[in-house]
Amino acid sequence: MALFKKRTVGKPGEWYYCLEHKKVEEGPECPAKNRFGPYAGREEAAHAMESARERNLEWETDPRWHDGPGKNDTPGD
């Protein structure tokens with residue numbers, strides 16, 4: 001049994017955006033909880049935050065997720 005976990009080594013050609021360091025990485029350098037990806041290329045990873053904002057806006061304005069006030073909602077809230 002190993003005393004220390006091996007660090008995950010990234011694969012060439014897999015690109016990630018690190019949320020902690022706010023930078024693009026080739027291969028996962030940081031823990032999964034701190035990164036978006038993998039992306040096909042450096043440029044796509046560089047726009048990760050923009051893509052996430054656009055996707056979130058689409059979800060927030062999707063009428064399928066906003067059925068109107070629920071039966072437990074009070075008017076004016």
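Visitor: Which residue does Trp15 stand opposite in β3?

Guide: Trp15 stands opposite Tyr39. This is a predicted model, in which local features need pLDDT of at least 70 and side-chain atom pairs pLDDT 80 or more, while totals for chains, interfaces and linings use all residues. Residues are numbered from 1 along each chain as its sequence is written, and side-chain values use heavy atoms, without hydrogens and water.

Visitor: What makes β1 and β3 a pair of strands?

Guide: A strand is a DSSP run of E with at least two residues, numbered from the N terminus, and two strands pair if DSSP finds at least two bridges between them. Strand β1 (residues 15–18) and strand β3 (residues 35–39) are joined by three bridges and run antiparallel, so they pair.

Visitor: How many bridges link β1 to β2?

Guide: Four, also in the antiparallel sense, with β2 covering residues 23–26. Glu25 in β2 is the bridge partner of Tyr16.

Visitor: Why is Cys18 called buried?

Guide: Buried means under 20% relative accessible area (exposed is over 50%, partly exposed in between; 1.4 Å probe, protein chains only). Cys18 has 0% relative accessibility, so it counts as buried. Cys30 has 12%, so it is buried too.

Visitor: What sits over the ring of Tyr16?

Guide: The charged end of Arg35, 4.6 Å from the ring centre. The rule asks for NZ of Lys or CZ of Arg within 6 Å of the ring centre and within 35 degrees of the ring normal.
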